[in-house]
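Reader: I would like to go through the helix packing and the DNA contacts term by term. Please say for each label what it rests on.

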There are 2 protein chains.
Amino acid sequence: MDKHSPISITLAQRDEAVTITRWVYDTLHNAVLLGQIPPGRALTIRELASLLIVSPMPVREALRQLSAEGALEIQGNRRVMVPKMTAMKFNELVEARIAIESHAAVRALPYINATIYQQLQAIDEQIDEAEANSDPENVTRLNQAFHRTIYTAHPHQVTQPLIESLWLQLGPFMRLSAESLDEYYQIDRHHEALTAIEKQDPLALQMAIAADIRDGCAFAKIPSKLQKLLN
Amino acid sequence: MDKHSPISITLAQRDEAVTITRWVYDTLHNAVLLGQIPPGRALTIRELASLLIVSPMPVREALRQLSAEGALEIQGNRRVMVPKMTAMKFNELVEARIAIESHAAVRALPYINATIYQQLQAIDEQIDEAEANSDPENVTRLNQAFHRTIYTAHPHQVTQPLIESLWLQLGPFMRLSAESLDEYYQIDRHHEALTAIEKQDPLALQMAIAADIRDGCAFAKIPSKLQKLLN
DNA sequence: TGAGTAAAAATGTGATCACAATTTTGTGAT
DNA sequence: ATCACAAAATTGTGATCACATTTTTACTCA
């Protein structure tokens with residue numbers, strides 16, 4: 001059935017009252033974020049359909065949506081795959097994250113009230129816990145939740161979809177970051193961010209967010225890690 | 001057939017050797033950018049299919065892609081429409097444009113060689129021409145081409161899809177800007193940008209891009225125009 | 001005349017089929 | 001063994017159909 005390596009995808013929880021297309025989308029979205037689909041591996045509609053035990057139709061729709069979001073790439077051959085990474089592209093993605101997310105954080109700052117602040121503290125504690133348990137998958141997931149909670153505090157926010165797109169494009173390669181977690185000492189940037197929020201200090205928040213993103217992607221500066229990134 | 005106002009869509013040029021889905025996408029993409037589809041107007045697959053004289057299938061695919069790009073919005077009812085605008089959202093979109101596009105411009109600056117510089121000059125001249133002819137549609141189109149040429153000079157650029165998404169979201173409402181062109185004196189920000197490029201001055205380019213975007217959206221500060229924006 | 005409700009029409013989702021184009025496989029010659 | 005090339009299998013695209021849900025229309029009652 002498969003000329004290339006077999007892929008093993010974690011099935012998303014199937015919520016009734018939700019369309020099949022949505023479920024397929026969630027499942028593939030997650031698979032891309034977790035790096036379960038090797039970059040460059042050709043994805044066919046029928047293969048995914050039989051893998052997820054659904055008809056080809058919902059897969060078609062999900063693939064098109066994920067492609068529009070930058071999670072997948074449609075080649076000239078009309079073949080769909082997870083885009084391959086290059087060192088230059090990785091760097092641009094990180095710089096784009098810094099530019100957009102620090103902007104989003106500053107914009108959202110005035111809307112971060114006590115309730116949201118407590119949510120952030122709770123997430124931060126969970127991150128410490130996950131780090132103590134060496135649970136890189138949850139560290140990544142909670143880290144995204146931390147950032148998302150900040151940005152979406154703004155009621156008229158428009159950048160979150162763009163940010164999610166960048167996360168999707170970096171996602172497949174962030175597992176390398178998660179694996180390096182304990183190898184290098186990490187300053188607690190989240191704590192810096194929380195302090196900046198407390199003081200309602202835009203510049204400090206901006207710096208904390210930028211530093212947090214840079215720290216999280218610092219592994220790409222390590223030659224051995226960088227090499228794995230590009231394969 | 002239509003409970004709401006009838007919509008008149010400019011059909012994109014039909015290039016053979018291109019999928020029907022792609023043609024439908026281009027057509028609707030253009031229609032959204034030109035504000036030919038009233039915000040809030042419910043779009044049904046079958047109506048568009050008969051309007052474009054294609055089967056429902058390519059329309060389905062195009063609608064999903066456009067929704068993923070933020071050009072359209074899928075409501076809870078599963079109804080698709082051009083998102084309605086609010087003053088706050090408009091402001092956020094403009095600020096997001098400034099943040100991302102000035103970042104993209106600075107990143108691309110080192111890659112803008114003589115050839116690209118001449119392309120920019122040529123586009124700028126065309127803009128002057130279109131302005132002299134009071135051709136707001138072409139002014140808008142060429143203005144986008146000017147910006148796109150700068151950003152895509154970077155060979156490993158990753159922000160263009162995000163920027164295009166913002167343009168799509170603002171598009172339906174930019175015709176108000178084009179209509180106000182001759183009403184208010186406009187400083188030639190493109191000339192400032194070209195000078196900054198010539199000097200390879202990142203900060204000056206950033207300022208020029210930011211000012212150009214702000215100028216182009218200044219109409220929203222005029223109460224009467226703002227009112228039309230929200231209807 | 002206006003509001004509530006039941007019947008009727010329209011809609012999105014999903015399945016299945018046909019077909020042209022692409023990819024893969026199989027075969028033979030060098 | 002290696003390459004060229006034709007046959008076979010696979011793939012994406014697009015069309016059509018069925019069905020549950022939603023929306024609209026029509027009608028009744030206050």
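Author: Helix α4(A) passes helix α4(B) in a right-handed crossing, the term for a near helix turned clockwise from the far one by less than a right angle (anticlockwise is left-handed). The model is predicted: local features need pLDDT of at least 70 and side-chain atom pairs pLDDT 80 or more, while totals for chains, interfaces and linings use all residues. Residues are numbered from 1 along each chain as its sequence is written, chains are lettered from A and ligands numbered from 1 in the order written, and side-chain values use heavy atoms, without hydrogens and water.

Reader: Why are α4(A) and α4(B) called roughly antiparallel?

Author: Their axes cross at roughly 150° and come within 10 Å. Angles run from 0 to 180 degrees between N-to-C directions, and axes are lines fitted to C-alpha atoms, for helices over the stretch in contact. Angles under 35 degrees count as roughly parallel, over 145 as roughly antiparallel, 65 to 115 as roughly perpendicular and the rest as oblique. The pair α4(A) and α4(B) is therefore roughly antiparallel. Both helices span residues 87–108, as DSSP runs numbered from the N terminus (helices: H or I, at least four residues; strands: E, at least two).

Reader: Which residues make the contact of α4(A) with α4(B)?

Author: Asn91, Glu92, Glu95, Ala96, Ala99, Ile100, His103 and Arg107 of each chain take part, where contact means heavy atoms within 4.5 Å. Ala, Val, Leu, Ile, Met, Phe, Trp, Tyr, Cys and Pro count as nonpolar, Asp, Glu, Lys and Arg as charged, and the others, Gly among them, as polar.

Reader: What makes α6(A) roughly parallel to α8(A)?

Author: Helix α6(A), residues 136–151, and helix α8(A), residues 189–198, pack at about 15°, with axes 12 Å apart. That angle is what makes α6(A) roughly parallel to α8(A). Their crossing is left-handed. From α6(A), Asn143(A), Phe146(A), His147(A) and Ile150(A) meet His190(A), Ala193(A), Leu194(A) and Ile197(A) of α8(A). These residues divide into 5 nonpolar, 3 polar and no charged.

Reader: How do you know that α8(A) and α9(A) are roughly antiparallel?

Author: Helix α8(A) packs against α9(A), residues 202–216, at about 165°, with the axes 8 Å apart. The two helices are therefore roughly antiparallel. This crossing too is left-handed. Among the contact residues are Arg189(A), Glu192(A) and Ala196(A) of α8(A), with Leu205(A), Asp212(A) and Asp215(A) of α9(A). The classes here are 7 nonpolar, 1 polar and 4 charged residues.

Reader: What makes the approach of Arg46(B) to a base of DNA strand C a polar contact?

Author: An N or O atom in the side chain of Arg46(B) is 2.9 Å from a base nitrogen of DNA strand C. A polar contact is a pair of N or O atoms within 3.5 Å; within protein, one must be able to donate a hydrogen and the other to accept it, and residues adjacent in sequence count only if both atoms are side-chain atoms. The Arg46(B) pair is therefore a polar contact. Backbone atoms of Ile20(A), at 2.3 Å, and Ile45(B), at 3.1 Å, reach phosphate oxygens of DNA strand C. Elements giving two or more residues to this surface are α1 (20–33) and α3 (56–68) of chain A with α2 (45–52) and α3 (56–68) of chain B. Helix α3(A) gives the most, with 3 residues.

Reader: Which residues are closest to DNA strand D?

Author: They are Arg46(A), Arg60(A), Ile20(B), Thr21(B) and Ser55(B), out of 18 that surround DNA strand D. The side chain of Arg46(A) has an N or O atom 2.9 Å from a base nitrogen of DNA strand D. Phosphate oxygens of DNA strand D lie 3.1 Å from a backbone N or O atom of Ile45(A) and 2.3 Å from a polar backbone atom of Ile20(B). Helix α3(B) gives the most to this surface, with 3 residues.

Notes: Near = heavy atom within 4 Å.
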